[in-house]
Amino acid sequence: MDKPLILRGVSRCSTRNFAAWLFPWVVLLAVGLFAIGLCLIAGLNQTNMDNRFAFGLWIFLDLAVIALGAGAFFTGFLLYILRRDELRAVINSAVVLGFICYSGAVLILMVDVGQPLRAWFTFWHPNPHSMLAEVTFCITVYLTVLAIEYVPILLKNRQLRKVPSFLAFEFQLHKVMPVFAAVGAFLSFFHQGSLGGLYGVLQGRPFAFREGFAIWPSTFFLFILSAIATGPAFVLLTTWMVSVLTRKRLVEKRVLSLLAKISGWLLIVYVGLKSIDTLVWLNHTAISTGTYPIRFFAWQPFDVWVLVAEIVLLGLVPALIFLSPSRRQSTAWLVTGSVLACGGVVLNRLVMTIQTLAVPTLKFEPFLMYWPNWQEVAAFVGVVAYGVILYSLSFRYLTLFPQERDLQQR
Amino acid sequence: MFPGIYDFTWTAGHLIFLGIFYAVLLVVVSTIVVAVWRAVSGHSSRHAETLRWHTDFEDLPAGARGCRHELMGRVESRVCENGFDCRHCEAHSRFVEERGGLPVCGDSRVAGFEVPADRLYHRGHTWVRQEEDGLLTIGLDDLGAHLLGRPDQVSLPAVGSRLTANGTAWEAVKNGTHIRVLAPVDGEVEAVGGADEGWWLKVKADCEPSDMRHLLSAAEARPWMLREVERLHLAVAPEGVGATLADGGMPVDDLSTAIPRDRADDVYGMMFLHP
Amino acid sequence: MKIDVTRRDLLKFAGGAAAGVMLTPAPWKAIDDLAIWTQNWSWIPVPPKGPVTKRATVCSLCPAGCPVEARCVGGLPVSLRRLGAADAGALCTLGLTGHHLAYHPARLTAPARILHGSEGSRRVPVPLDTVMGAIVREIGAAGVDRRVAVLDMRPGRSVSWAWRRLLDSIPGGVLIPSPAREGSSLNALEAMKGSGSYGIDPGNARTILSFGAPLAEGWGAPESTYRLLGGAQRDLRLIQVEPLLSRTAQAADLWLPARPGTETALALGLGHLLLRGQAGAGAGAADLEAYSALTERFTPEAVAALTGVPAALLVHAARKLIENGPSLVIAGDDAGTGRLGRVCETAIMGLNLLLGDAGRSGGVVARAALPAPFETGSLAPEVELDRIDDRSIGLLLIDASEGDLPMPWRVMQRKLAEKAVIVAISPYLAGTTERADYVIPSAAYLETIHEMPTPFDSPVASIRLSAPLIEPRVAAVDAGEFVRRIAAAAQIDLPEEWESSEWLMKARVSRIHESGVGNVTTPADGAVQNVSELSSADGLWDALLAGGHWQSEREEPAASPYLLLGGIAESRWLAATSDRAAQLTAVFHVPRDVSASAAVSPVVTKIYQESGLREAERVAVNPVTAQALGLKRGSRAKLVTAAAEMGVSLVTDDAVMPGVIDVQPGPTATALGVKRKGEQHGLFDLFAADEEGAWRSMNATLVEV
Amino acid sequence: MKRTEPKSRYGMVIDLDRCNGCGACSAACAVENNIPPAQPGVNERTGLTSMRVYRASNGRAFPDHRTVYFPVSCQHCGEKTPCVSVCPQNAVDVNPTNGVVSQVPARCLGCRYCMAACPVRARYFNWFDPEWPEGMDRTLNPDVSVRMRGVAEKCNFCHGRWQAAQAKAAAEGRREIDFADYVPACVEACPAQAIVFGDLNDAESEVAKQASGSTAFRLLERLGLDPKVYYRSERAWVRRLGDTDFAMNERQAARG
């Protein structure tokens, strides 16, 4: 029925099956929008956040998806700037993923702030000392860039391409794409870092505070590293998931193992620096503020295992998997590695967001824990659903994996 | 800083911070403006045709983009980079110098399809024949003709309208599939025929004598035709099952009947070079 | 000419238009307006504007009657502060937020009938005459076995006299001062001294032994609190007897954590020590032998065993009382601590007499009564609740027109006859008023003139008037007028011609003026003026309405013999000093800031709901006790007393004595004015008075559910 | 945002030996600053208490158990004030003349970053629209505007009263305000007069004297944020409660 929209020579499931696949996601999206509506109309009292947990599930997951979304800019950076042409096979998918991650994050942020209608004040009278101002600027501009990068993929749709002016535009965009790749890379390096800085600068929170270089705390650099290290892993993971779901070969194996290799090298560097940073923090930074760092982990939900898991199990292990050429040959290992790597960055963002706030600063304050309520979960799941839907549509009607057709015909 | 902000003071921080980011914003905006401007200004129907062919060609499956010189075995395997336009392909002229001109010989019947030697062939299954009156006759080659059979609907260009090589020559609908037949040459339409006449268009070429280097000679066309038939098999039954037509036997004169309806779109797309 | 519009033209046009609009102020103005809109949501209240004025009045929310300066905008008070010297302390939370009370959600707006159902009660507006009808019917049926009683939340006001005048003409009519009022234990003195009216003089005391009085939490005049906590040189020493480290015990110099219910033994134990420690102690007592015989067995060791207070501490406390005089011993009774009962109060007041400070400044002092508003002819008696026979009251009129004192209802309930009718006149439907069958709205604080007669802790007779600042927001009925209406309805003719409380107050003031005694102090400037110098009664009235404070001169004590044991039979003494060590005891304890009034400002949620500084409706035990009972913090448990049983969620607190269940009823949601339905009366119901009229502690059991 | 050292530093000293946790300061703050009463369901984690009293103890068992009350408002940090530096759009403002840190609600977008940054959690978020019982809005203080839902707020040493005092000084032709005219609500309301307020830079002032006393201390001093709210107590264990090495015990954890 929708065949005229689908690229010739690739096989796609029937419209009915596609609808059946979309349906549950549409339902989730609807529920999510309802929850979002509640929060916008009745206010944030609809969430489980409180004065201690001023940041909750939303901020944590925003940070997580933005880190994973780094795959977009970093792949673009490797492709257009460092000219790794193999990556052309996944760039479209990466761009769409990035767009989904960032637009989703921004959407949730708009719900998360108490006065969304004033968000633009940051552009009107910004505070250059605030990491958050930096993040706001970068993310908004970068989201625009992503949107622009999305356009050519969209215009290549089999029906849209019939409009001559669209084709002309697509053609021109294609020529200037490296500029956007460069700008995107610049912006991303900055805001990924600033997101880390967000916590590193909190001098009032010994758990989060880090020393650093110039105006940037160490977390600034660690966030960049962890983001670009797991970005490719996430691209790898999603590519694999899509090919499993659609039962298709989408890219040549060497592309995946290349992604893994890149991810591996970056991860090993990250793990190294992260360990050093942790040691400095525990033995110097925290001590110098008069706190006993062991107390940070004195409470059950956030035991020392969190630290170990983050650095070793979800950092070192995937790095080693990715760095062994033999392992890189097996899809199973690649997927395991990516899952671990992505889990690592997510856990790191959880620790920085939630544990930072769970640990008390005043002696007569208790440790506190926070659990999101259904509105928060629903809102986020809704955004995930939005992502799945957008990706599914893109995959069905656009060319996300240029190699797919050839691999299929071979 | 901006109007109406009480007690806001400029600092070096602001200058650097805002400097950087509004610069970035400027880059983004100006780039996009340039792209739009170029797209709008450089936009003409003719240009559009070439553009479309370029993008389409990019998206053709690698199998459909093989260089003509593979056909004569002058090169192992090579994917064309010029959108089948050998006129400005230095590789082509190099090949020609190295290996000299083309032998004109061989059986005019390939895999049950006529490939007469008196004409030149375009990869979009059209042929071009130079007439005495200086005009060029354009028609569908045997395979093309068999594929199209008697179209359900045809829209031919108006007499006097221009053709662009690799642009649209005429359009037809067969078995509910929309087909664009690519024009082999640049020129102006003088007369229109149809399936029954055996030719479709008579064209007055732009350049006199018109440059036909980009078209296949019969000699090349024959191995090419073989390939095309294989591609057709593949297209009709990608899993390699089902009736293989034209295996030595006479082809049914309307192949389209042999094409499963649900594959028609793919098949025509592949044979007439639409991605 | 023909114009054909292509798609391209349209695109161009759209693009151009978009770009053009960006250059106009329109979009920027739009978002700016949006932002401004978020700052001016129509549903966000806007503070009233108007001329700012300062008005002086007197806080009528508790008997202390603090002088108050109200900051008014457009004539309406927006904040209150205490007038006068800083060393007089500041307003308590209740007083500080008093100007909110007129707008309290629990405010009564019209006479109503309250239908009590199984789940909550329903309010049905009725005409005043219906209420009168019910009252008259009961008055008709009145007799000694079915009394008509008035529960007076603020005895001593002019209107109290009006009530007694009315009740005098009704068989069995009696006025009952609220047992929850501050200083009620002073009545024990009357029995011991035989006659006269007494007050205490904490202002001049240097040591105070308090049996649980929340002295550092606003009990009595704020001066005491200030002297304890804030005084530049703390010149007041406090010995606090309390089974938990209350905020007062925290501020005390000596804390005697005595097992609840053993206060009598503790008092007699101290008596034992005073008799031996101080020459001539109890010389004036007619029953000194009996007393020393009784206290003989209450050696420090014996008392220590009974009360759990180390003997050394007892001795130390006794020495402090003797050495650091003048010393004062108070039973610490108010709506927040509950009553200790007649026997215990007698034992405690006995200590004052032993210390020989009856009449001495800084101790128990004899003080003149305020002049009545009219010639006291025959009046109905004023009887303490514990002296009323059980099930004898047929009609109970609750006069809470000055505000209601929350107390365990069962204390009152046992005195009510079958199908007793209860009518309450009160500003709020809260506290005891919630138990009434008929309610009548009265004016709230700052809505009308309120009378502040002598507070219990004043050494001299005194009167203050609280001047109104707000127009009454409801069709309020005035208590004096109410009495008059009842009389009219029941064809009782009263000798005096009052038609309102104001008439009665004016009458009282003019009789004060006639007497010519005492002086008026203006708190703003501290100027003192003798009554004799005032030309007219109206002058005095105006001075009082301007926030003035009238005080009489000090009385000379009557050196009559007294009874240390108040003529109470030994059996009752023994019963009151029985060993409680084995039992688990629930102790009644409402923080002062919510015990003095049944309705408090909604912003008190800052303390009870929003900060966790204090938990509302809390039941706390020592962790040790919890462990012994196999309970954990937050675990649900069933708390059972002789009066009731209910499920509670447990809090553990090291400040509570092991073996003690600290029960803090209130503040209820109604009291806080928080929207909530299905409101229970809660933990108050766990307590009931025993034969001695005591309800501070109850034997209890606590089991996990 | 280079901050020149302010001429005067307004601050307070809170005597913990006097405070017995009555909470009057909290209530007075609410009355003065038009802080609405709690909505149903609001708890100690979502409440609005710009001046908040914490109950702390020496952690010992009965009868040696002793409690102390910490009235905690914004500490008005002087050095790299955390909330000021993190706010993305200058909604937190430091008064250049007296160092008082105050929130500009009309500029706040409610990102709550400042709350995450505040070590003493003295910043609160308006989770609800402000609401008073019917009619009670006539008792609102005209000098303080009501904050809308979705913005952060905090103690600003009763800015409204400061302005009034300035106006008075100006009217009387004085350049300096008289601290008799400028007493924050909590200071005025304390029944024990436990809070002293004034200019810490004025060596003669009571507040400066007490702040420099041997028994004075500040909360989390070692974070190096130079707060302008001091505490004092004769009891050593109370002073230790101000340290950064937060205690950890099960009962506290259970509160979570």
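How much area is buried between chain A and chain D, and what percentage of it do carbon and sulfur atoms give? In this predicted model, local features need pLDDT of at least 70 and side-chain atom pairs count only at pLDDT 80 or more, while totals for chains, interfaces and linings use all residues. Residues are numbered from 1 along each chain as its sequence is written, chains are lettered from A in the order in which they are written, and side-chain values use heavy atoms, with hydrogens and water left out.

The buried area, that is, the accessible area (1.4 Å probe) that two parts lose on being put together, summed over both, is about 5400 Å² between chain A and chain D, and carbon and sulfur atoms give 56% of it. On the side of chain A, the residues that lose the most area to chain D are A:N51, A:K363 and A:F364, which together account for 17% of what that side buries. Contact (heavy atoms within 4.5 Å) joins 62 residues of chain A to 58 residues of chain D.

Four salt bridges, each defined by a side-chain nitrogen of Lys or Arg within 4 Å of a carboxyl oxygen of Asp or Glu, are found across the interface of chain A and chain D. A salt bridge links A:E365 with D:R121, whose closest N and O atoms are 2.8 Å apart.

Confidence was examined for chain B, where the mean pLDDT (the predictor's confidence in each residue, from 0 to 100) is 79, with 85% of residues reaching 70 or more. Over residues 240-250 of chain B, however, the pLDDT is below 50. Where pLDDT is low, the predicted coordinates should not be read in detail.
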